[in-house]
Structures are given as structure tokens and as C-alpha cells.
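The following exercises concern a single structural model. Each task is followed by a solution in steps.

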Amino acid sequence: MTAPEYRQAKWGYRLLFELPGSTDGPVMPEIQGVPERGLAPPGMERSSVPLPNLTRGQVVRHYVRLSQRNFGVDTGAYPLGSCTMKYNPKLNERVASLPGAADMHPLLPAEMSQGALQVMFELQELLKRVIGMDAVTLQPSAGAHGEFVGMLITRAYFADIGQPERNEVIVPDSAHGTNPASAAQAGFKVIEIPSDKQGMVDTKALKAALSERTAAFMLTNPNTLGIFEENVEEIARMVHDAGALLYYDGANLNAILGVTSPGAMGFDIAHLNTHKTFSTPHGGGGPGAGPVGVKAHLAKYLPVPLAAKRADGTFYLDSDRPKSIGRVRSYHGSFGVLLRAYTYIVLHGADGLTQNTRKAVLNANYVKDKLLVYFPHIVEDALMIQPPESDAQEELDRLVAALLQIAQEPAEAVQSAPHNLSVQRVDEVGAARSPVLRWQGEQR
Amino acid sequence: MHYTDGEPAVQAMLRDMGLSSTDELFKDVPSGVRAKPDIPAGLSEMEAQRRVARVLGKNRSFGDAPHFLGAGMYHHWVPPEVPYIATRSEFLTSYTPYQAEISQGILQAMFEFQSAVCALTEMDAANISMYDGATAFAEAALMAHRITDRAQVLVPRAMLPDRLGTLRAYAEGPGVEVVEYAYDPRTGQADIADIKAKLTDETAAVCIENPSYLGVFEEHAAQVAELAHAKGALSIVGVSPVSLGLVKGPGAYGADIVVGEGQPWGNTPSFGGPALGLFACRKEHLRQMPGRIVGQTKDKQGHRAFCLTLQTREQHIRRDKATSNICTNEGLNALMAIVHLATLGGKGLQRVARINAHRAKLLRERIAALPGYKVPFPGHAFNEFVVQCPKSVAQVNQHLLAKHGMWGGLDLSAQLPELGNATLVCVTELHAQESIDGLVQGLKEVRA
């Protein structure tokens with residue numbers, strides 16, 4: 001089987017600012033008497049605005065052409081490890097563009113935003129059950145933000161129970177860079193421990209690192225190499241015996257959803273990534289959302305606001321939480337993203353989520369088995385492949401065929417790749433050496 | 001299932017692998033941690049859509065019930081080109097552009113976004129976004145702390161409480177002290193005397209918003225930056241992005257770091273998020289900037305090309321020594337912003353900004369003329385202003401809702417009790433003239 005050849009469009013390299021234009025801009029409602037001067041303090045007003053003035057057609061062509069020089073899940077398989085590049089359901093986009101979602105101001109009173117508050121409340125409840133936790137906040141804007149919130153909760157908890165000396169957070173050396181960065185940003189000292197030969201937590205190293213100064217151990221399970229930590233119960237026992245909290249990084253949650261849960265595995269705090277497990281689009285680097293779930297003893301520290309329900313069935317935002325770590329962003333979280341995740345969970349239900357997990361793990365092992373025949377199992381310079389459940393068998397077979405074809409090509413051909421994109425190899429070293437970070441042509 | 005291969009493919013794959021069931025793939029999961037989610041069963045797409053649409057139908061959207069709320073997020077006109085481009089699959093479903101060669105489209109768009117942010121704020125460098133205005137503001141304060149090695153920031157007391165709260169949460173870890181300064185009760189602008197009194201050798205930055213939270217342009221913004229610099233502190237300025245069509249960027253009056261909530265550029269409010277944190281700085285501080293940055297470079301053939309750059313600041317390289325833990329940001333929202341700016345063009349943005357300022361001026365004059373109403377701050381407003389009402393703001397807004405099917409401004413009375421029954425009223429180019437007339441009529445009907 002040979003993969004069809006992919007050829008990206010080439011459209012030249014002009015920037016928006018280099019397109020010639022002389023339009024007056026979109027037609028605005030007729031409003032009488034708008035003056036050209038005197039609307040701002042003297043000396044502060046601009047005479048002109050440094051942006052080009054293009055026709056709609058010029059603008060749309062420019063960005064459609066740029067889109068053709070970009071690759072997404074809808075273009076082809078994108079089996080990046082730990083990133084869960086699954087199909088992004090178009091139903092999500094449809095509901096998120098409804099006026100009841102898009103055209104809602106965050107400061108509207110509860111009586112005018114009951115629908116939005118109901119979505120938030122129900123999503124909190126659904127996620128609690130899906131990840132086995134007792135309370136969930138929807139505030140964090142992405143996974144790393146969720147980690148930071150989890151670390152602030154950890155800090156608040158130990159301050160509250162009179163153990164502020166717990167200022168160390170342990171992470172495996174294989175942890176994603178956000179783990180140590182988030183712990184450090186929350187004021188913790190980061191202790192890295194080595195992994196064993198299989199890439200698993202080295203329980204001896206963990207035991208040696210745990211002390212009365214340990215606040216938390218951060219763990220991804222399945223881990224960054226895609227392997228389930230079989231010793232998770234023992235790890236949880238060790239961490240709790242040391243008086244510390246166990247933190248779950250939800251990067252790989254998609255592989256266990258419906259089979260086990262962070263709560264069942266003994267984690268105290270867990271963040272998840274809606275743009276991984278719950279199908280919201282990656283968007284070229286965001287927006288994401290990183291809800292955080294905690295066990296009951298940590299619920300009072302969650303950031304404000306939380307969506308809540310009254311006895312009469314109406315919903316409201318609860319900000320009256322004295323032990324809360326407070327605000328971690330403006331308004332009420334990335335509602336538009338959360339709504340897509342809510343739609344995905346309502347659509348799939350318990351059965352659908354579990355089936356997706358099984359199919360995702362089947363796909364991963366299927367590709368692994370096929371590749372194992374040809375490639376030795378080494379970790380150095382490895383590719384992390386994560387074929388999501390939404391990739392059909394036909395796509396997996398093509399992926400395997402393509403990898404095998406590459407393996408058989410002469411080294412020169414591989415090293416000179418890419419061949420069929422709008423650019424060849426990009427000089428990243430040069431970019432960092434003499435940074436050009438904005439258009440430097442003449443300002444109009 | 002909805003988006004996966006069917007049972008025949010599953011069986012074929014299992015056969016191929018010599019397995020009888022997918023159960024065998026989960027042998028590593030100990031029985032003691034097994035758990036199934038206790039949530040309802042799934043639905044068809046049409047049922048799911050109906051369910052979600054029904055819940056959302058309980059909302060009163062801007063088109064259904066107009067309101068005059070702003071305070072950081074604004075209903076502006078979003079040209080139809082913006083969602084049209086931003087929902088193109090090649091952008092929408094793409095990954096973070098670590099692999100530069102396959103991601104030139106989004107990288108160039110982000111470079112254009114950075115260029116537009118720099119041009120409008122009059123700064124040297126911008127990143128491709130923080131989560132929102134509040135986290136951008138908090139990260140700016142931490143950046144000033146790193147640059148100056150000082151542990152105190154001066155911020156306006158009159159500010160969106162969410163922004164102050166977020167700053168406090170971010171300041172906790174590094175131990176940065178947040179000191180509030182007053183506003184001048186005669187103008188609603190920064191109280192220069194109070195800034196002078198609180199500025200010390202320990203101050204890392206003086207933060208100011210222009211226009212202020214209370215809606216007026218800061219006439220002494222340049223003086224605030226000078227005061228900060230004289231003490232060795234940085235100047236952080238928060239902007240309302242559409243106002244940059246009317247006024248100069250903070251780079252023109254001494255800012256070292258510029259932040260803002262970028263939603264008004266091409267993004268709908270979406271009940272508060274996803275948002276768009278704007279972040280720009282001077283080039284001498286570039287290496288302390290948080291977040292992703294796109295740089296221009298060349299490919300092997302010498303063609304113009306783009307890639308993520310200066311990544312040694314970031315968490316995936318520097319781990320616990322990174323300038324920030326941010327990874328996923330608001331890339332698609334930044335794309336919407338640049339498409340918005342491109343569609344409006346320089347003249348369009350200027351026109352929109354002027355309409356906002358003109359309408360705010362007219363509406364403020366009309367409300368000031370109503371019996372029992374006062375507008376305490378006389379300076380130039382951008383698109384919102386404070387009104388003191390003859391009754392509580394809650395009563396005023398309930399009257400507007402009951403009699404006119406609309407909601408007024410933001411109730412400030414709990415946050416700033418010294419202003420009495422104060423409300424922050426916002427008007428933009430998107431309000432229909434009859435909505436504005438309806439507001440004035442509704443306010444007139446509420447008397448002391």
C-alpha cells in the first residue's frame with residue numbers, strides 16, 4: 001500500500017502589511033457628527049492607524065492561502081504522542097456559535113444567563129463522575145494553568161493544616177515541562193527523580209525523595225511513554241504515608257477513561273485537558289481549558305467562582321468561599337471551550353466514552369505491533385505516536401506503510417525532508433540568533 | 001460509536017494482533033482501581049444538539065436583550081470574515097506549531113498578529129497571547145519582579161476585581177506584594193499624589209490602565225511612567241484594544257510592558273472565554289517575556305519562513321526555571337484578532353474607535369441631563385463611563401429588564417461604595433440607536 005503524495009499549496013511569501021490597499025474600511029451605521037478631533041486628551045490622539053486598508057477579497061484570499069499552508073487533524077493523521085489529536089466534532093462548533101453561547105456577556109445577572117450556568121454546573125457534575133473526584137473547578141484556561149491551580153491548592157491546604165514547611169514537589173524526570181514550571185511558579189522547590197529502565201516511576205527513588213518537606217508528587221498515568229504505572233496503588237500509599245498529596249496530570253487520560261479514574265487510583269488532585277480527551281480543537285495552540293478535580297478534603301480551596309444550584313432548581317455563581325485560593329483568571333473560565341467538552345460528554349455518555357478509550361488503546365497497540373516487527377524498541381530519539389480512536393484502520397495502515405517507506409528510503413532523502421511543503425527546512429537557529437519578531441517595513 | 005471505526009474493523013484488528021477482546025489490552029490496570037463513570041448513556045447527534053440548544057435557549061443573548069455591560073469584555077461588531085477564516089479546518093484543527101515546516105500558515109498569521117500588536121501599542125515585541133487580560137496583567141507584574149529584582153507592584157484600587165484577584169494568586173508563589181493606589185475622586189483617573197507617596201525603592205512596577213476602569217483616558221499616563229522610571233521601576237500599561245484606533249499606543253508614553261484583554265478584537269464575549277491576553281514589551285526585556293513568540297527566518301532555499309523562537313525562556317526547555325509555565329495559549333483567538341484587524345483596516349479601526357468615543361460622550365451627556373442622575377468624572381471617556389443613580393443600581397436594572405427588556409450597566413456599589421449608586425455604562429458601535437434611546441427613557445422613569 002502506498003500513501004497518496006501530499007503536496008502543500010505554495011502561494012508566495014507576502015505579509016498582510018505588504019499588500020497594497022486603499023479602501024475606506026467597512027461601512028458603519030450612519031452616525032451624525034462623529035468628529036475627527038477632540039475625542040481624547042490633547043496629545044494622546046492618533047492621526048492615523050498603522051494597519052493596511054484592504055478589500056474583503058484581499059483579506060480573505062490572504063488567509064485562505066495561509067490556511068492552505070497549514071496542516072491539521074482534518075487534513076490528515078496527526079498522531080502526536082500525549083497530544084490526543086482526535087477528530088474535532090463539527091457539532092461542537094455548531095453549538096458554540098449559537099447566540100446563547102457566543103453573544104453572552106460574562107457579567108450578565110444569573111437570571112439572564114441560566115443556560116450558561118446550567119452548562120457549567122452540569123459539566124462540573126459530569127467531570128466529577130468521569131474522573132472520580134468530589135469537586136471540580138472549570139476556571140483554569142489550559143492544562144498548565146490547571147497544574148498551577150492544583151499547586152496553589154496544595155499550598156493553601158498545607159498552610160491551612162499548619163504544615164507550611166512542606167515546600168517541595170517531586171516530579172519524574174520524564175514529566176512534561178509544565179509540571180516543574182507550574183510547581184515553581186506556585187513557589188515550590190522542584191525535586192526530579194529518575195525513572196526506571198521501562199520509563200516507570202522508580203519507587204526506590206520516590207521513597208528516598210519523600211520527606212516531611214514533600215507537598216506533592218506529580219504523576220502522569222499512563223506515563224509520558226504511554227505505559228500504565230502498574231504500581232500506582234503502592235505509589236499512592238507511599239505518598240499519602242509521607243503526608244503528601246498525589247497530583248494527576250491528565251495529559252493521557254484518554255487511554256483510561258471508563259476503565260479507571262484518577263480518583264479510583266488514589267489521586268487527590270487531577271487536571272484534564274479538554275482539547276485532548278474531550279475533543280475541543282487545538283486551534284494552532286489554543287484555546288484550551290484545564291478543569292481541575294479534587295477530593296473532598298481539598299474542595300474548599302478551589303478557585304472562585306464555582307457554578308452552583310439552588311433548591312429551587314436555579315443556578316448561580318458561588319464566590320463566597322472563604323478558604324478559596326481566589327481568582328486565577330477573569331470571569332468564569334473558557335466557556336466556549338467548556339461548552340464543546342460538555343457537548344462531547346453529553347453525546348457520548350458513559351458507554352461512548354468507554355468505547356472510545358478501548359478503541360484508542362486498540363489503535364495504539366495495533367500500530368505498535370505492526371511497527372515492532374520492523375523497529376527495535378528503543379527510547380532514545382524516539383517518536384511518540386498516539387493514534388486516536390477516531391483514526392480508522394485504513395488510516396493506521398497508511399501511517400504504518402508511510403513509516404516503513406521512510407525507513408527504506410536513502411538517508412539523504414530523509415534528511416533533506418520536507419520536500420512537498422511550501423517551505424523547505426526552516427532555520428530555527430538563525431531565528432533565535434537574530435530575532436525578527438515583527439514586520440519591519442515602513443509604517444504607513 | 002459516533003466518530004470511530006465499526007465492530008468489523010475492531011474484530012479484524014484484534015484478529016491481526018492475536019487477541020480475542022480489547023479487555024486483554026488493559027491487563028496492566030489493577031482490579032483495585034477499576035472504575036466506570038456513573039453518568040447517563042449517550043445520545044444521537046440530533047438529540048445531543050437539541051438538548052444543548054435547549055439549555056442555551058434559557059440565556060438572554062445580546063441580540064435578544066440588549067445591555068450596557070463592558071468592564072473588560074465588549075460586544076463589538078465581528079465581521080463575518082472572522083469566524084469564516086478561523087473555522088477553516090487547517091487552522092482550527094492544527095496543533096501548536098512546533099513543527100515549523102508544516103505550520104507556516106498559522107505561524108505567519110501569528111507573526112502578523114505580533115506585528116499588529118507592536119504597531120498599535122508602539123512596542124518592540126509581542127507574544128502570541130496569554131490566557132486573558134487578567135493573567136497577562138499578573139504575568140507582567142511577575143516579569144517586572146524578575147527584571148528589577150524588587151518585590152512590590154503598585155496597582156490601581158479601581159480595577160476589575162478579577163484582574164486584581166488573579167494578580168494576588170500569581171503573586172503568592174514568588175512573594176510579590178500588591179499595593180493599591182487610589183483614584184482621584186474628581187476625575188476617576190490615577191491619583192498621582194498617592195502614587196508618589198507609595199512609590200519606593202522596592203517598587204518593581206507601577207501599573208495603570210488607559211482608559212481607566214472607571215472609563216476615562218488617563219491624562220497623566222506619561223507622568224506615571226516617568227515617576228516609575230525615576231525610581232527604577234517599570235511602567236506597565238493595560239489597554240482597551242479598540243481604543244488604540246483612537247489614541248497612541250503606550251509605547252509613546254513610556255510603557256515598558258503593555259497588556260490587555262484582546263477579546264474586543266474579533267472575538268465574541270462567549271460568557272467570558274476563551275479570551276485573549278495581549279502582551280508586549282520593549283526589546284531589552286524580551287528574554288524575560290513569558291509565552292510563545294514567532295520569529296521570521298529563512299528556509300534552506302532562502303525563502304521567508306517562520307518558526308517559534310526564543311524557546312529557551314519556556315517550560316518545555318527550561319522547566320522550573322522558565323519565565324512562565326504557560327504552554328497552550330489562545331492561538332485561534334489571536335488569529336481571529338488579526339483577521340478582524342485586517343478586515344477593518346486602519347481606517348475601519350479608527351472609525352469604530354471614534355464612533356465608540358462619540359457615542360459614549362453623547363450618552364453620558366443625555367444621562368447627565370436626567371433628573372437625579374450624575375456623571376462624576378468629566379474627562380474623555382472611551383466607551384464606558386460611571387453614572388450615579390437616584391436609586392440602587394439593582395432597582396434601576398430590574399426596572400430596565402421588566403419594562404424595556406434590557407439590562408443596564410455594571411453595578412459598582414459593592415466594589416466602590418464611596419461612589420454611591422454607581423453603575424459603569426458601556427456603549428459601542430453595535431448598539432442599535434433605539435436601544436440607546438430605550439435606556440435613556442428607562443432611566444428617566446426611575447426617580448428618587
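**Exercise 1. Chain B in outline**

How many helices and strands does chain B have? Describe the chain as a whole as well.

*Solution.* Step 1: the conventions. This is a predicted model, in which local features need pLDDT of at least 70 and side-chain atom pairs count only at pLDDT 80 or more, while totals for chains, interfaces and linings use all residues. Residues are numbered from 1 along each chain as its sequence is written, and chains are lettered from A and ligands numbered from 1 in the order in which they are written.

Step 1: the elements. Chain B has 13 helices and 12 strands; helices (H or I, at least four residues) and strands (E, at least two) are DSSP runs, numbered from the N terminus.

Step 2: confidence. The average pLDDT (the predictor's confidence in each residue, from 0 to 100) of chain B is 97, and 100% of its residues score at least 70. For the model, ipTM is 0.97 and pTM is 0.97.

Step 3: extent and burial. The C-alpha trace of chain B spans about 85 × 55 × 50 Å along its principal axes. Of its 448 residues, 62% count as buried. A residue is buried if 20 or more other C-beta atoms lie within 10 Å of its own, exposed if 12 or fewer, and partly exposed in between, with C-beta atoms placed from the backbone.

**Exercise 2. Domains of chain B**

*Solution.* Step 1: chain B is divided into domain 1 (81-340) and domain 2 (345-445), with bounds from an automatic or database domain assignment.

Step 1: the C-alpha centres of these domains of chain B lie 28 Å apart.

Step 2: 16 residues of domain 1 of chain B are in contact with 19 residues of domain 2 of chain B, a contact being two residues whose C-beta atoms, placed from the backbone, lie within 7 Å. On the domain 1 side there are eight nonpolar residues, seven polar and one charged. In this scheme Ala, Val, Leu, Ile, Met, Phe, Trp, Tyr, Cys and Pro count as nonpolar, Asp, Glu, Lys and Arg as charged, and the others, Gly among them, as polar.

**Exercise 3. The contact between the chains**

How many residues does the contact take from chain B and from chain A?

*Solution.* Step 1: chain B gives 162 residues and chain A gives 167 residues.

Step 1: on the chain B side, helix α11 (residues 331-368) provides the largest share, 21 residues.

Step 2: by class, the chain B side divides into 75 nonpolar, 54 polar and 33 charged residues.

**Exercise 4. A sheet in chain A**

In what order do the seven strands of the open sheet of chain A lie, and why is one side of β1 and of β3 of chain A left without a neighbour in the sheet?

*Solution.* Step 1: the order is β1-β7-β6-β5-β4-β2-β3 (chain A), with mixed pairing; strands pair if DSSP finds at least two bridges between them.

Step 1: β1 (135-137) and β3 (189-193) of chain A are at the edges with a single partner strand each, so one side of each has no neighbour in the sheet.

Step 2: strands β2 (residues 168-172) and β4 (residues 214-220) of chain A run parallel and are joined by three bridges. Val169(A) has Ala216(A) in β4(A) as its bridge partner.

**Exercise 5. Backbone details in loops**

Which peptide bond to Pro274(B) is cis, and are Asp149(B) and Leu310(B) buried or exposed?

*Solution.* Step 1: the cis bond joins Gly273(B) and Pro274(B), with omega about 5°. Pro274(B) is in the loop between β6 and β7 of chain B.

Step 1: Asp149(B), which is not a glycine, has a positive phi of about 55°. Its place is the loop between α6 (133-148) and β2 (152-156) of chain B. Asp149(B) is exposed because 7 other C-beta atoms lie within 10 Å.

Step 2: Leu310(B) has a positive phi near 50° and is likewise a residue other than glycine. Leu310(B) lies in the loop between β9 (304-309) and α10 (315-318) of chain B. Leu310(B) counts as buried because it has 20 C-beta neighbours inside 10 Å.
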